[in-house]
Amino acid sequence: MLLCQTVQEMSMQSTSNLTIKWAFRGKPKNPFFATIGGDVIVRVESQFVLNQISGQVLEQVDSWDLSASSFPAQTYFWLSRRVYSTVQSGKDTIEAAKSTASKLSTKEDQNLEAYLDPSGDPTKVHQSNCATT
């Protein structure tokens with residue numbers, strides 16, 4: 001989607017609350033939606049809660065309004081968001097599985113020679129007398 005972005009309003013409600021109203025518009029990359037749907041126009045209101053000393057953003061909430069776009073343009077926007085989110089979710093799941101697998105493999109390698117006391121006393125451990133080669 002080709003983009004054109006504009007900030008329409010910025011206002012501070014207090015020293016820690018900021019609101020920015022902005023919009024972007026663009027044409028869908030898909031030729032079918034580009035011809036029948038026209039431009040995708042999204043109006044966004046971003047609300048920020050800031051740390052009063054550092055200015056760091058502590059919380060951000062965005063609300064999106066697509067009412068200025070035609071129905072086919074809105075459909076394209078939400079479908080493309082869904083496809084992107086699905087792909088990202090798959091990548092995140094694969095990354096989490098890899099991370100979990102690597103953590104499990106490193107846990108297996110640790111403390112192979114120390115065992116908890118079978119009597120149940122957590123302060124006692126048994127050391128293996130076997131020499132490793």
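What share of the contacts in the chain with a separation of 6 or more comes from residues 24 or more positions apart? Such residues account for 37% of those contacts, where a contact means heavy atoms within 4.5 Å. This is a predicted model, in which local features need pLDDT of at least 70 and side-chain atom pairs count only at pLDDT 80 or more, whereas totals for chains, interfaces and linings use all residues. Residues are numbered from 1 along each chain as its sequence is written, and side-chain values use heavy atoms, with hydrogens and water left out.

**Overall make-up**

- The chain holds 2 helices and 6 strands, these being DSSP runs numbered from the N terminus (H or I with at least four residues for helices, E with at least two for strands).
- Read from the N terminus, the elements follow the order β-β-α-β-β-α-β-β.
- Of the 133 residues of the chain, 17% count as buried, that is, under 20% relative accessible area with a 1.4 Å probe and protein chains only.
- The accessible surface of the chain is about 10,200 Å², and 57% of this belongs to carbon and sulfur atoms, with areas taken from the Shrake-Rupley method with a 1.4 Å probe.

**The sheet**

- An open sheet is formed by 4 strands in the order E1-E2-E3-E4, with antiparallel pairing; two strands pair if DSSP finds at least two bridges between them.
- Its edge strands are E1 (4-12) and E4, each of which pairs on one side only.
- From one strand to the next the twist averages 20 degrees, with axes fitted as lines to C-alpha atoms and angles running from 0 to 180 degrees between N-to-C directions.
- E1 and E2 (residues 17-26) pair in the antiparallel sense over 8 bridges, and valine 7 has tryptophan 22 in E2 as its bridge partner.
- E3 is joined to the antiparallel strand E4 (residues 57-65) by 8 bridges, and phenylalanine 48 stands opposite glutamine 60 in E4.
- The hairpin of E3 and E4 has 6 residues between the strands, and glycine 55 there takes a positive phi near 80 degrees.

**The nonpolar core**

- The largest nonpolar core has 9 residues, namely Phe24, Phe33, Val40, Val42, Val44, Leu66, Ala73, Tyr76 and Phe77; such a core is a set of buried Ala, Val, Leu, Ile, Met, Phe, Trp, Tyr and Cys residues joined through side-chain atoms within 4.5 Å.
- Strand E3 (40-50) and helix H2 (71-109) are the elements that give two or more residues to this core.
- Leaving aside residues up to four places away in sequence, phenylalanine 24 touches Leu3, Cys4, Gln5, Val40, Ile41, Val42, Val44 and Phe77.

Note on methods: Buried < 20%, exposed > 50% of the residue type's maximum accessible area, 1.4 Å probe, protein only.
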